[in-house]
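Reader: I am new to this structure. Please show it to me, and then tell me what the terms rest on.

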2 protein chains.
Amino acid sequence: MVVIMKISNMLGQRYKETPAECRITSHIFMIRGGYMKRVGEGIYSLLPPGLRIIKKIENIIREEMNRIDGQEVLLPVAMPATLWKESGRYYSIGSELLRFKDRGDVDMVLGMTHEEAVVHLARHTAESYMNYPFMVYQIQTKFRDEPRSRGGLIRVREFTMKDAYSFHLTQEDLEEYYQKCYHAYERIFARAGVPEVIAVKSDSGMMGGKVAHEFMLITDIGEDRLVVCDSCDFRSNMEVAECITENSSAEDADLECVHTPGFKTIDEICNFLSVTPEQTCKAVIYLKKKSYEPVIVFIRGDLEVNETKVQNYLREEIIEDDGTTDTGIVYGFAGPMELNLKKGTVLFDKSLKGTHNLVCGANKVDYHYKGFTPEREMGEIEFVDFAKAYNGSICPCCGKKTISITRGIEVGNIFQLGTKYTETMDMQYIDKNGALQYPIMGCYGIGVGRLAASVCEARHDENGPIWPISIAPWQVHICAIRADKEEVAQVSDALYNDLMSKGVEVLYDDRKVSAGVMFADADLMGIPVRVVVSPKTVSRGVVEIAFRDKSYKADAAIADAPEMIKNIIADELKKLEPQL
Amino acid sequence: MVVIMKISNMLGQRYKETPAECRITSHIFMIRGGYMKRVGEGIYSLLPPGLRIIKKIENIIREEMNRIDGQEVLLPVAMPATLWKESGRYYSIGSELLRFKDRGDVDMVLGMTHEEAVVHLARHTAESYMNYPFMVYQIQTKFRDEPRSRGGLIRVREFTMKDAYSFHLTQEDLEEYYQKCYHAYERIFARAGVPEVIAVKSDSGMMGGKVAHEFMLITDIGEDRLVVCDSCDFRSNMEVAECITENSSAEDADLECVHTPGFKTIDEICNFLSVTPEQTCKAVIYLKKKSYEPVIVFIRGDLEVNETKVQNYLREEIIEDDGTTDTGIVYGFAGPMELNLKKGTVLFDKSLKGTHNLVCGANKVDYHYKGFTPEREMGEIEFVDFAKAYNGSICPCCGKKTISITRGIEVGNIFQLGTKYTETMDMQYIDKNGALQYPIMGCYGIGVGRLAASVCEARHDENGPIWPISIAPWQVHICAIRADKEEVAQVSDALYNDLMSKGVEVLYDDRKVSAGVMFADADLMGIPVRVVVSPKTVSRGVVEIAFRDKSYKADAAIADAPEMIKNIIADELKKLEPQL
């Protein structure tokens with residue numbers, strides 16, 4: 001991918017000002033630097049620097065997928081809806097799946113993920129156990145009709161994604177391959193210059209299946225909340241992280257119904273009765289999305305309900321109680337005892353297990369109980385983990401109170417899918433004994449554009465991105481200051497031709513602009529190795545080589561510069577090679 | 001792109017039988033060989049061999065576009081319709097443009113071509129004359145809702161296309177760049193193994209603009225009719241080819257109205273009046289699509305009307321006269337004299353110029369005129385070229401009667417667009433004098449999948465494709481016959497590893513199947529260099545090297561084989577390098 005480019009010929013402008021619609025760093029720099037241009041809500045065109053980054057990331061991914069025996073294929077962007085009706089997702093996925101009709105009035109969808117398409121490709125193609133295992137992948141445009149696109153390439157509607165699908169005869173084989181893919185992902189992120197990306201356990205969501213990991217770049221602008229242990233390796237998405245709490249060893253007390261006129265919130269009650277939120281049992285109320293039946297979760301007053309856990313337990317979606325349904329609940333005073341529900345589900349979080357002497361609602365307006373001891377009052381209760389982990393909660397892995405909550409961007413994910421798609425879409429193979437079996441699937445995604453933006457979030461200063469050399473749009477940026485002077489033009493041109501012949505990727509700024517404009521633009525282009533040629537350097541017989549991240553600066557004799565730059569690039573690339 | 005693949009691990013099956021839905025060679029072989037699988041009407045998934053061909057063609061195109069200073073960008077697949085409303089094409093293009101609404105009820109389209117998107121990208125980005133000229137291109141998925149997809153990858157709805165767009169300050173500069181691109185296209189087709197692709201003048205159709213060429217592969221299964229001179233370089237699409245005829249030098253005769261009871265067709269009249277079709281003047285009747293007003297074209301009786309020429313002359317669409325409109329025409333007996341049209345347009349083809357003594361309709365049921373001499377009877381007539389060229393018509397270039405009509409597949413096209421899009425979408429630059437100007441555009445397309453299929457049409461035998469080495473899915477195919485024998489496995493494995501280390505792309509067939517099955521599959525994979533390792537060759541200390549096209553076959557000592565194969569590949573690749 002050696003292309004030499006003069007900045008004066010390159011399509012795209014660079015801007016000093018931050019565009020009004022940009023909130024986050026990568027979005028700001030990628031617009032200001034002329035990497036991309038907005039076309040519509042969550043839809044961008046990529047200019048040469050932006051596309052070059054994307055292509056380099058794609059190549060890293062391709063190499064790593066080939067290393068684990070992936071076979072590259074290409075599935076359709078627009079598909080007949082029949083495939084999605086077979087799997088059932090045509091009905092179960094909301095309006096982020098873009099549905100339309102073609103000229104023949106046939107239902108179609110735009111692919112947002114390709115489990116259906118890959119099963120269509122592989123069924124009747126891999127009919128013998130001898131064809132297994134195999135993995136196919138593609139790098140392709142996808143469309144997801146996001147309700148809220150945001151942050152430039154962080155959350156878009158049209159995007160380039162690498163999606164891979166593996167097929168196995170046994171769960172053990174899937175698990176083994178899953179580990180290989182996990183490892184390949186670590187290599188990909190390391191090679192792309194963000195080795196700090198971590199894998200966290202995650203919810204498998206709409207994909208079906210059980211075991212899943214997300215690869216997260218920790219950053220404040222992340223949309224996902226992560227649970228990380230500061231003492232051990234435990235890492236999890238908030239959605240699935242177990243919450244372990246300690247209870248203060250309160251003594252039992254007698255149950256007593258007390259008048260709490262108008263005090264509805266935990267804070268008001270705690271204040272009025274002089275207890276801490278930990279000494280209360282609160283009710284959090286939802287509705288089942290389909291039936292509108294209430295779901296009440298009782299939980300210790302200081303904790304929050306993790307709705308994903310509740311949904312996974314119920315195996316159906318819940319929504320906030322909008323108050324439009326007659327549930328029979330006495331809002332503000334709901335408690336476990338004498339709860340007079342017409343219909344609905346009552347759940348207890350395990351934070352209440354072994355607690356004593358709590359305050360809870362009495363299911364009468366303006367009344368609460370004191371002295372509530374769940375297991376004494378309610379008999380046998382099923383306690384389930386429904387709470388969100390919090391800063392300082394107990395690590396499920398090492399047992400220390402060193403959980404911290406942080407934020408991350410999901411740059412990749414891997415799922416053990418099981419047989420959800422092969423069963424619904426009737427993909428079978430004949431096993432050794434002649435019996436028909438459903439293959440077991442895994443799937444593995446990386447958002448290419450989001451990864452590019454995430455690297456920018458992780459690698460920048462106040463003036464622009466600092467691209468890792470493996471994915472930088474070019475490796476070397478020549479700034480020819482006063483290129484109108486014969487001696488500068490001569491040295492710069494010679495350097496540019498020499499580097500080209502050595503296979504180095506160069507962006508060459510030969511414009512007649514001030515050094516200030518030139519350096520500001522170079523900062524926005526974020527190219528790791530900068531070479532400055534100026535009347536001053538030329539008079540000393542040198543050029544100046546400096547790293548964009550300011551970690552290195554040295555003069556090089558004009559004659560030695562090309563070889564030196566080539567070696568520097570090789571060294572920098574080597575630093576990004578994963579040690580695994 | 002070195003990937004070593006064992007055929008036993010590769011996803012995809014090969015079939016002996018021709019699938020029922022396949023009519024043309026490339027479609028048959030690409031389905032039978034496991035290159036692709038049909039997903040829906042005009043929509044295919046590509047398996048590894050198919051995708052590898054596509055990627056290789058893409059790389060050839062990319063290199064040639066970069067050679068003429070192209071900058072690769074990426075425009076959206078799904079776009080807001082606003083852009084297409086600006087250019088007017090949202091309204092002027094039929095249902096092949098797929099329109100839909102997103103979740104926010106916004107009108108969207110799937111890109112079938114990207115003039116609008118590229119003008120959106122470039123406007124406000126190239127605002128100074130100093131930014132010009134430039135060319136940007138992309139290689140991307142497009143969707144065109146074809147009414148009749150057919151022939152596998154020849155005419156699909158979803159396809160990969162290279163589309164390029166150049167922007168210029170002057171028409172002269174566009175024309176100069178257009179020539180460069182024409183030349184780049186010749187190089188691309190030569191490198192892809194089909195140097196016989198010819199450029200023909202073409203109609204610019206819905207793209208706007210004037211000068212246009214199509215690059216055509218001559219083949220009987222082509223959808224386009226081409227006009228080619230056997231004596232000189234003249235080549236044109238039928239749609240725009242001038243038709244030049246000679247008239248027999250008949251003497252004038254007196255005009256006479258004759259009774260021709262029930263004789264309506266040219267054949268019937270000629271028979272009844274003992275004249276040849278050349279001695280008649282026939283009326284061909286159309287309706288304007290918008291107004292339903294009739295359009296009558298008078299033309300020599302032996303010629304056919306070229307509807308594209310009529311439409312270009314009228315600057316509006318015409319349709320066949322369906323007989324539902326009261327035009328006042330006496331069908332079967334329409335002629336130029338005493339034609340009593342209520343409304344409508346009368347046109348004369350230039351084949352009638354200088355003719356004498358013709359038979360034509362008399363605009364009365366059952367009557368024709370004899371002795372019709374157009375210029376004598378009608379006074380001054382505007383004769384225009386509306387006829388289709390035909391086998392043996394006169395070449396507009398060399399003047400010989402050596403025109404032949406043939407068929408071709410369009411594998412690429414280039415257009416001089418002019419300012420149609422920059423004007424409608426208000427893209428301007430500031431010229432040297434500070435005045436605002438519209439840049440002048442060219443556009444340049446290649447259908448990647450269609451090119452792959454076209455190569456297969458041009459390069460195959462009865463057993464399968466014969467891929468040119470530049471685009472073959474792999475360069476070498478090792479057939480290990482009786483791989484269960486230790487000595488065969490050893491030699492084959494060593495060869496495979498050795499070739500891999502030399503950067504050769506190998507497909508390795510180590511299956512335990514008969515030589516017959518193996519060779520039939522190898523024929524379907526069409527890989528140009530085949531190496532056979534068998535107990536017999538090994539016992540003689542050799543392997544057999546044979547070309548898929550049967551032009552070469554030789555034994556090579558086992559130790560020498562890898563180096564020899566590497567050299568053969570280099571030689572074969574060199575043969576495809578264009579000499580231009």
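**Terms and values**

Author: B:Val533 touches B:Ile478, B:Ala480, B:Ile481, B:Val488, B:Val491, B:Ser492, B:Leu495, B:Val538 and B:Val543, not counting residues up to four places away in sequence. Contact means that the C-beta atoms of two residues, placed from the backbone, lie within 7 Å. This is a predicted model, in which local features need pLDDT of at least 70 and side-chain atom pairs count only at pLDDT 80 or more, while totals for chains, interfaces and linings use all residues. Residues are numbered from 1 along each chain as its sequence is written, and chains are lettered from A and ligands numbered from 1 in the order in which they are written.

Reader: What makes a set of residues the largest nonpolar core, and which residues have the most contacts inside it?

Author: A nonpolar core is a set of buried Ala, Val, Leu, Ile, Met, Phe, Trp, Tyr and Cys residues joined through C-beta atoms within 7 Å. The largest has 338 residues, and A:Val533 and B:Val533 have the most contacts inside it.

Reader: Which residues of α12(B) are called buried?

Author: They are B:Val488, B:Val491, B:Ser492, B:Leu495, B:Tyr496 and B:Leu499. A residue is buried if 20 or more other C-beta atoms lie within 10 Å of its own, exposed if 12 or fewer, and partly exposed in between. Seen down the axis of α12(B), the buried residues fall within an arc of 130°, so they line one face of the helix. The arc is taken over the directions from the helix axis to the C-beta atoms. On the other side of α12(B), B:Glu486 and B:Ser501 are exposed. The buried residues pack against elements of chain B including β28 (476-480), β30 (529-533) and α15 (561-576).

Reader: How do you know that the reach of helix α12 of chain B is close to the expected one?

Author: The expected span is 1.5 Å times one less than the number of residues. Helix α12 (residues 486-501) has 16 residues and reaches 22 Å from its first C-alpha to its last, close to the expected 22 Å. Helices are DSSP runs (H or I, at least four residues), as strands are (E, at least two), numbered from the N terminus.

Reader: What follows α12(B)?

Author: B:Gly503 follows α12(B), with a positive phi near 80°. Likewise, α13(B) is followed by B:Gly526, whose phi is positive, near 65°.

Reader: How many residues of chain A are in contact with chain B?

Author: 45 residues of chain A are in contact with 45 residues of chain B.
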